[in-house]
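User: I would like to learn how to read a few local features in a model like this one. Please give me the general idea each time and then the case at hand.

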Amino acid sequence: MAARRMSSLLSSSYAPALLRSLDRISGRGRGIGRFSTAVALEEPIIPPVKVEYTKLLINGQFVDAASGKTFPTLDPRTGQLIANVAEGDIEDVNRAVSAARKAFDEGPWPRMTAYERSRILLRFADLVEQHADEITALEVWDNGKPYEQAAGDEIPLFIRLFRYYAGWADKIHGLTIQADGPYHVQTLHEPIGVAGQIIPWNFPLLMYAWKVGPALACGNTIVLKTAEQTPLSALYVSKLFHEAGLPPGVLNVVSGYGPSAGAALASHMDVDKLAFTGSTETGKIVLGLAAKSNLKPVTLELGGKSPFIVCEDANVDEAVDLAHNALFYNQGQCCCAGSRTYVHERVYDEFVEKAKARAFQRVVGDPFKKGVEQGPQVDSDQFEKILKYIRSGVDNGATLETGGERFGSKGYYIQPTVFSNVQDDMLIAKDEIFGPVQSILKFKGIKEVIRRSNDTQFGLAAGVFTQNLDTANTLSRALKAGTVWINCFDVFDAAIPFGGYKMSGHGREKGVYSLSNYLQVKAVVTHLNNPAWL
């Protein structure tokens, strides 16, 4: 379906010129252009989707914000308006939590069989699959990620995640425990209640699935706050959830800003559980609000500054390609991006030259266009922040190998940027840039790179590229990170848990581990009179 949609996008009158331009950029024509100027020369493609849902979803109905306020969501390709979306605030969060509480305490969702809940999740996944073209287009339009990435990677994984959790719904159970005495002891795994969930803008739909999937499989009700930069796709798919048979009030969606809607949700006394994905700085605020209110448990998936370690025995060509994708995927807007590329001194110079060449050839442009690898950053704030970090890298003495400037004349595009001779104390090596900026550092030995890799406040992920099994085993155990990828990166299977050490967060999402975030464990002890056995 996605492939057919992309073909139709390229069937317009300017498609031949576009294809010639893409051939030239990728080296299939007469030569490789330095960061294609297609963005500046051509009008953006009109997205093949209509924005239908811009209101808050509360108790199964799309409603205006209580204040009547709206806020703009913008096209990152141009900075122009896509739609005005209802701006939820404290009163709207209260309405949504009230609906979720009633649905949990009185409604059918936690009382229907787990098998029936599973069937609703499966019907929802089927509906998403049927509407994949529209959903993909909304995600690309609102976020700026390449269409081929969203259609080929993210929407299929979104569907897979809900089918995965549908499979878990009727397999959640407690234990029977042997006690010292005449007692029958069992544990019950009960839904925790009303879950508040706050998702980020970089992967709106995937973060929706990571949170909504396990919470619903366990029988909870939800109030979800979307990121103000990317509210559209969550509203669309939530409508499909109700078409699949989800009862009113089980899933409520409030769009709005963090200091108002997000803070209200985090501090609400009738929310039983909170899950947040975003920056470490905001995570601290969310955790504090949860603690100061009703001490609700909080799952946090926060920032990262992940090392990508290229050992001396690595195949340099393969390592360059993997490190490139580990950093530049999703415009570098990935919490686990391999943003500290440590390369052994014996292969360092060769690696830098080839990494520079690969970044130079990266195809930047309208994310709806075929063959585009990198779209715009999500908004002007992110755009300016990244350029500021690039300037700091130059000022601090790192070598700017390629890129470093705005791409095109409008929108939030940035040239793929590579720095060499980066030192650990530079801001570009310490801070989470969240953009297309590769920092390449040199190391001499394994003990050294372990120490330097771990010398950070973050611990979300790490990558290791080596042909030596002993080296891989040594590094995978020594690196203080929630995920270590060996000779691969960004493998996000539905069953693989994800989360961080240190200031990269609390708890795990995806896989069986995520279910515990949304369950209470209750011990039930019954005295036995004259038992036949113990």
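User: Is Q331 buried or exposed?

Analyst: This is a predicted model, and in it Q331 is buried, with a relative accessible area of 0%. Burial is called under 20% relative accessible area, so Q331 qualifies.

User: Where in the chain does Q331 lie, and what is its phi?

Analyst: Q331 sits in the loop between α12 (316–328) and β13 (340–344). Its phi is near 60°, a positive value in a residue other than glycine.

User: Which loop holds F434, and what is the phi of F434?

Analyst: The loop between α15 (427–430) and β16 (437–443) holds F434. Phi of F434 is near 65°, again positive in a residue other than glycine. F434 counts as buried because its relative accessibility is 14%.

User: How should I read a residue such as G371: where is it, and what does it touch?

Analyst: Take location, then accessibility, then contacts. G371 is in the loop between α13 (348–360) and α14 (380–395). With a relative accessible area of 33%, G371 is partly exposed. Not counting residues up to four places away in sequence, G371 touches E148 and V363. G371 and E148 are 223 residues apart along the chain, yet their C-alpha atoms are separated by 7.7 Å.

User: Which residues touch the most other members in the largest nonpolar core?

Analyst: The general idea is that in soluble globular proteins, nonpolar side chains tend to be buried together. Here the largest nonpolar core has 104 residues, and F158, F162, Y208, F241 and F351 touch the most other members. Helix α7 (residues 147–168) gives the largest share of this core, twelve residues. Apart from this core lies another, of 27 residues, including Y389, I414, F419 and V422.

User: What is F158 in contact with, leaving aside its neighbours within four places in sequence?

Analyst: F158 is in contact with F124, V128, L205, L206, Y208, A209 and V237, once those neighbours are left aside.

User: In what sense do β3 and β4 pair, and over how many bridges?

Analyst: In a regular strand the side chains alternate between the two faces of the sheet. Strand β3 (residues 70–75) and strand β4 (residues 80–86) pair in the antiparallel sense over six bridges. Within this pair, L74 stands opposite L81 in β4.

Notes:
Residues are numbered from 1 along each chain as its sequence is written. This is a predicted model: local features need pLDDT of at least 70, side-chain atom pairs count only at pLDDT 80 or more; totals for chains, interfaces and linings use all residues. Side-chain values use heavy atoms; hydrogens and water are left out. A nonpolar core is a set of buried Ala, Val, Leu, Ile, Met, Phe, Trp, Tyr and Cys residues joined through side-chain atoms within 4.5 Å. Buried means under 20% relative accessible area, exposed over 50%, partly exposed in between (1.4 Å probe, protein chains only). Helices (H or I, at least four residues) and strands (E, at least two) are DSSP runs, numbered from the N terminus. Contact means heavy atoms within 4.5 Å. Two strands pair if DSSP finds at least two bridges between them.
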